[in-house]
Amino acid sequence: MRLCFTIVFLSGTIAVITDLLQRRIHRKLTMTVLLGGIIYNIINCLINKPLEATYSLSIILYIKLIAVQLISLAVVMTIMLVLFWLGYFGGGDGHFLISITPWMGLSKMIDLFVYLSVFLTASMCTIKFFNR
């Protein structure tokens, strides 16, 4: 769990710095973090599999792991598209949030989206109120 937090924190720091300086988040960062998270979960499943698992059972576990990863990514991508279409943030931010999904898990990402939507809605309302 500490490794996941460290990876998300470091990649988030790099994303914030590049976003503030260059107004973009590079796809090299997001794709590296995404692929690293998927590989980490597969290796973690390999290490923590039960010793009595047969070959067919381990294949089922891998298919289940990949299916859970793909479902999590699909849910996060759907939420990101809606928030992108509403104008809450740009594409680089969306790519970054999608890339940390394998590291954080779907339940923590849903919590993050709730916090983000409340914060961003309050920010947008404040900006519109003071720009009258």
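This is a predicted model: local features need pLDDT of at least 70, side-chain atom pairs count only at pLDDT 80 or more; totals for chains, interfaces and linings use all residues.
1. A residue is called buried when its relative accessible area is under 20%, exposed when that area is over 50%, and partly exposed in between. On that reading, 28% of the 132 residues of the protein count as buried.

2. As to the overall fold, the secondary structure comes to six helices and zero strands, so that the pattern read along the sequence is α-α-α-α-α-α. Taken along the principal axes, the C-alpha atoms fill a box of roughly 65 × 25 × 20 Å. Among the contacts in the protein with a separation of 6 or more, 63% are accounted for by residues 24 or more positions apart.

3. The pairing of helix 1 with helix 2 may be taken up next. Their axes come within 11 Å and cross at roughly 175 degrees; because an angle over 145 degrees counts as roughly antiparallel, the two helices are described as roughly antiparallel to each other. On the side of helix 1 the contact is made by L3, C4, S11, I14 and A15, and on the side of helix 2 by L29, V33 and Y40. Sorted by class, the contact of helix 1 with helix 2 has seven nonpolar residues, one polar residue and no charged residues.

4. The loop between helix 1 and helix 2 holds R23, a residue that deserves a separate remark. Most residues other than glycine have a negative phi. R23, although it is not a glycine, has a positive phi of about 60 degrees. With a relative accessible area of 69%, R23 is also exposed, and a colleague checking backbone geometry may wish to look at R23 in the structure above.

5. Helix 2, which spans residues 27-47, also packs with helix 4, which spans residues 91-99, at an angle of about 15 degrees and with the axes 8 Å apart. Since angles under 35 degrees count as roughly parallel, helix 2 and helix 4 are roughly parallel to each other, and their crossing is left-handed. The residues that meet are R27, T30, V33 and L34 in helix 2 and H95, F96, I98 and S99 in helix 4. By class, the residues of the contact of helix 2 with helix 4 divide into four nonpolar, three polar and one charged.

6. T30 is found in helix 2 and, because its relative accessibility is 4%, it counts as buried.

7. In soluble globular proteins, nonpolar side chains tend to be buried together. Here the largest nonpolar core has 20 residues, and those with the most contacts inside it are V76, M80, F89, L97, I100, M109 and F113. The elements that give two or more residues to this core are helix 1 (2-22), helix 2, helix 3, helix 4 and helix 6 (106-130), and helix 3 gives the most, with four residues. If residues up to four places away in sequence are not counted, F113 touches V76, I79, M80, L83 and L97; of these partners, V76, M80 and L97 are also listed among the core residues with the most contacts.

8. S72 is found in helix 3 (residues 55-85) and is buried, because its relative accessible area is 11%; apart from neighbours within four places in sequence, S72 is in contact with T101 and L106. I71, which also lies in helix 3, is by contrast exposed, with a relative accessible area of 52%. The C-alpha atoms of I71 and L106 are separated by 8.9 Å, although these residues are 35 residues apart along the chain. S117 has its place in helix 6 and is partly exposed, at a relative accessible area of 26%. From C-alpha to C-alpha, S117 and L83 are 8.2 Å apart in space, while in sequence they are 34 residues apart.

Methods
Residues are numbered from 1 along each chain as its sequence is written. Side-chain values use heavy atoms; hydrogens and water are left out. Axes are lines fitted to C-alpha atoms, for helices over the stretch in contact, and angles run from 0 to 180 degrees between N-to-C directions. Angles under 35 degrees count as roughly parallel, over 145 as roughly antiparallel, 65 to 115 as roughly perpendicular and the rest as oblique. A crossing is left-handed if the near helix is turned anticlockwise from the far one by less than a right angle, and right-handed if clockwise. Contact means heavy atoms within 4.5 Å. Ala, Val, Leu, Ile, Met, Phe, Trp, Tyr, Cys and Pro count as nonpolar, Asp, Glu, Lys and Arg as charged, and the others, Gly among them, as polar. Buried means under 20% relative accessible area, exposed over 50%, partly exposed in between (1.4 Å probe, protein chains only). A nonpolar core is a set of buried Ala, Val, Leu, Ile, Met, Phe, Trp, Tyr and Cys residues joined through side-chain atoms within 4.5 Å.
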